Every structure is written in C-alpha cells, then in structure tokens.
2 protein chains.
Amino acid sequence: MLSKKCKYAIHALVHMARDPEEKFLIKDISEACNIPKKFLEAILLDLKRSGVLGSKQGKGGGYFLRMKPADVNLAEVVRQFDGAIALVSCAAHKFYEPCAECEDEETCTVHDAFLQIRNATVEMLKADTLESLVKKETKLKARKKR
Amino acid sequence: MLSKKCKYAIHALVHMARDPEEKFLIKDISEACNIPKKFLEAILLDLKRSGVLGSKQGKGGGYFLRMKPADVNLAEVVRQFDGAIALVSCAAHKFYEPCAECEDEETCTVHDAFLQIRNATVEMLKADTLESLVKKETKLKARKKR
DNA sequence: TTATAACTCTATTAGTTCAATAGGGATTAA
DNA sequence: TTAATCCCTATTGAACTAATAGAGTTATAA
C-alpha cells in the first residue's frame with residue numbers, strides 16, 4: 001500500500017493540474033483535498049525540491065506547477081515518496097537490492113514473477129500523467145451527468 | 001513492498017512444492033531458503049492455520065503441503081500475510097476501505113488508475129501457482145545448463 | 001516602514017508495524 | 001523415557017508513519 005503521504009501528494013497534484021496556470025495556497029489545497037494542512041506543507045515542499053512544483057513566498061504567494069501536467073506521471077511521484085514500485089527489492093530497478101532467499105536470480109521464479117508484475121505496474125503508472133488523469137476525470141463527470 | 005514474512009512464506013512454499021509429497025523440517029527449510037528459523041516457525045504455523053500446510057508433531061514429524069501446488073496461488077499468500085494487494089485501500093476488494101480524498105469514487109481518476117493496477121496485479125498473482133512456479137523453474141534451469 | 005500573508009525549516013511526538021528472538025509446552029516415535 | 005519436533009505466548013528494539021508545534025524567512029502592499 002502507498003503511504004498516506006504519497007496518496008496525498010497525488011491528490012494535491014491532480015487538484016493543481018485542473019488549473020495548471022493557477023497559483024494555490026496550502027490552505028486551499030488542504031481544504032479541497034481533505035489533507036491535514038501541516039502535513040501537506042511538508043509534501044508540497046518535497047515536490048518543490050524535486051522540481052515538480054514552484055512556489056512564491058510572501059503575501060500573494062503560493063504553489064504552482066512547474067512541470068507540464070503531461071510530463072508528471074504517477075511512477076515518479078510514487079518513487080519519490082515511497083521508493084521502489086516493485087513488491088520485492090530484487091525486482092526493483094531504481095531501488096534494486098539483491099535478496100538472500102533466491103540465490104540465483106536467473107532461475108528464481110519468484111523473482112521472475114514479481115519482475116513481471118513490476119514491469120506491468122510501472123507501465124501503467126507511467127501512462128497515468130496528471131494530464132491524462134484530469135482529462136479522464138472530465139469525461140467521467142460528463143458521462144455521469146447524462 | 002511485501003513484508004519479509006510474506007516473501008519468506010512464498011519461498012518456503014515454493015521449496016516445498018518441489019517435492020509436494022515430502023515432509024519437511026523447519027530447520028531444513030530454514031537452511032535451504034536462508035530464513036531465520038524462529039521466524040519461519042511462526043510463518044509455517046500461520047500457513048497451517050490457513051489450511052495450506054499440514055503438520056505432524058513429535059519425532060519424525062514435520063510440515064507438508066495439504067493443498068495441491070496447482071491450488072495455491074500467490075494472491076492468496078500475499079493477502080494472508082500482507083493484506084490488501086491494491087496500492088490504495090479504496091481500490092482493494094477484500095480489504096476495501098473508502099478514502100477521504102476522493103469523495104466520489106465513480107469520478108475519481110486516482111481511484112480508477114489504482115483499480116486498474118490492482119486488477120492486473122491480482123490477475124498475475126493468481127496465475128502464479130506453486131505448480132506453475134516450480135515448472136517454470138525447471139525450464140529456466142534446463143535452459144541455463146545448455 | 002510596518003503589518004501581514006505566505007512559504008520554509010527543524011524538531012518532536014505518539015502510535016504502529018516489522019523482524020527477530022526467547023523460552024517454555026505439547027506430542028510422538030523409538 | 002528420552003530425544004526430536006512442532007506449538008504457543010510474550011517480548012524486544014528498531015524503524016517508520018502520520019501528524020503537529022513553533023519559530024524563521026520572504027514578499028507585498030497599505
């Protein structure tokens with residue numbers, strides 16, 4: 001399971017991607033997404049440090065998207081906050097670590113099984129950009145109205 | 001990521017499935033799979049309680065597979081030890097819990113994205129039975145020799 | 001220039017989970 | 001009756017999670 005921090009980050013980003021040019025106050029995002037304000041504060045700061053968000057201090061300031069919604073995908077967000085996407089470390093790429101149980105990865109079918117799952121998951125997470133998520137949301141909401 | 005407990009369980013089961021009729025000592029599995037003996041003890045007990053393994057006490061005793069290798073899949077093992085397979089609780093089936101951030105699941109694309117990932121993951125985990133894993137292992141080992 | 005709005009940063013807390021171990025108890029075979 | 005083996009409860013220390021506290025910094029605008 002994702003940490004709450006990661007889930008909060010995703011929801012905050014999607015919220016901001018609905019108005020990609022807008023500048024947002026921590027307080028407003030916090031209320032719109034039901035995220036504890038102080039906790040969100042730390043999250044947005046992390047996202048700023050990693051270059052996804054920009055910010056302006058002082059009165060009239062706020063956070064804004066620095067990257068284009070099409071260029072931010074969930075795989076990166078998950079990795080930033082929760083590390084490896086794979087279910088076992090020996091099947092991870094960016095956070096790879098060998099495991100003691102399967103001595104020979106080449107013939108370890110447990111490794112193999114989880115590698116397949118990792119690959120499929122990463123592929124799907126990469127396809128989920130802020131842009132695609134917001135677009136789909138618009139569609140779903142329109143369909144529901146009808 | 002899976003807990004070590006879960007990963008240990010999977011490796012122990014695969015080990016036993018290589019000789020589905022055999023009776024195994026905790027000590028032997030522990031050494032074969034590099035799993036701390038006392039920890040493994042608790043794991044095997046859990047697997048016995050859930051009906052996957054059987055055991056015989058006393059001298060000459062040991063653990064053995066109660067279910068057929070083809071009938072034990074990784075989805076069940078993961079659920080037994082780590083709970084939900086989904087990355088967010090609102091996308092889980094057996095461990096479903098609503099989340100505060102997406103108020104309307106029907107139109108929440110975050111929910112939608114993680115539901116797709118969950119479905120694909122479950123499908124793959126279900127296809128990974130002890131039997132299929134051992135069969136594949138045999139193939140991989142034969143191919144490597146050549 | 002000063003009040004205020006807003007982000008920045010470090011530290012701390014309580015609670016939980018994880019991984020592993022300890023130390024017997026119960027059961028069976030020889 | 002003894003040794004082998006599984007059974008069971010409890011405990012530990014470390015790490016992580018979620019959330020909060022509180023003071024610091026920066027920018028705006030009256």
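How many residues apart in helix α3 of chain A are Lys38(A) and Glu41(A)? In this predicted model, Lys38(A) and Glu41(A) are three residues apart in helix α3 (residues 37-49) of chain A, so about one helical turn separates them. Lys38(A) is exposed, at a relative accessible area of 63%, whereas Glu41(A) is partly exposed, at 26%. Side chains of opposite charge can pair when their charged atoms come close.

Salt bridges also occur between the chains. The side chains of Lys144(B) and Glu106(A) meet in a salt bridge of 3.8 Å, N to O. This pair crosses from helix α6 (residues 130-145) of chain B, which holds Lys144(B), to the loop between α4 (74-82) and α5 (109-127) of chain A, which holds Glu106(A). Lys144(B) is partly exposed, with 42% relative accessibility, and Glu106(A) is exposed, with a relative accessible area of 57%.

A further salt bridge links Lys144(A) to Glu106(B), and here the closest N and O atoms are 3.8 Å apart. Because Lys144(A) lies in helix α6 (residues 130-145) of chain A and Glu106(B) in the loop between α4 (74-82) and α5 (109-127) of chain B, the pair joins two chains. Lys144(A) is partly exposed at 41% relative accessibility, while Glu106(B) is exposed at 56%.

In chain A, a network of salt bridges links Lys5(A), Asp46(A) and Arg49(A). Over all chains, the count comes to 16 salt bridges.

Terms used. Residues numbered from 1 in each chain as written. Chains lettered and ligands numbered in written order. Predicted model: local features only at pLDDT ≥ 70, side-chain atom pairs only at ≥ 80, totals over all residues. Heavy atoms only, no water. Salt bridge = Lys/Arg side-chain N within 4 Å of Asp/Glu carboxyl O. Helix = DSSP H or I, 4+ residues; strand = E, 2+ residues; numbered from the N terminus. Buried < 20%, exposed > 50% of the residue type's maximum accessible area, 1.4 Å probe, protein only.
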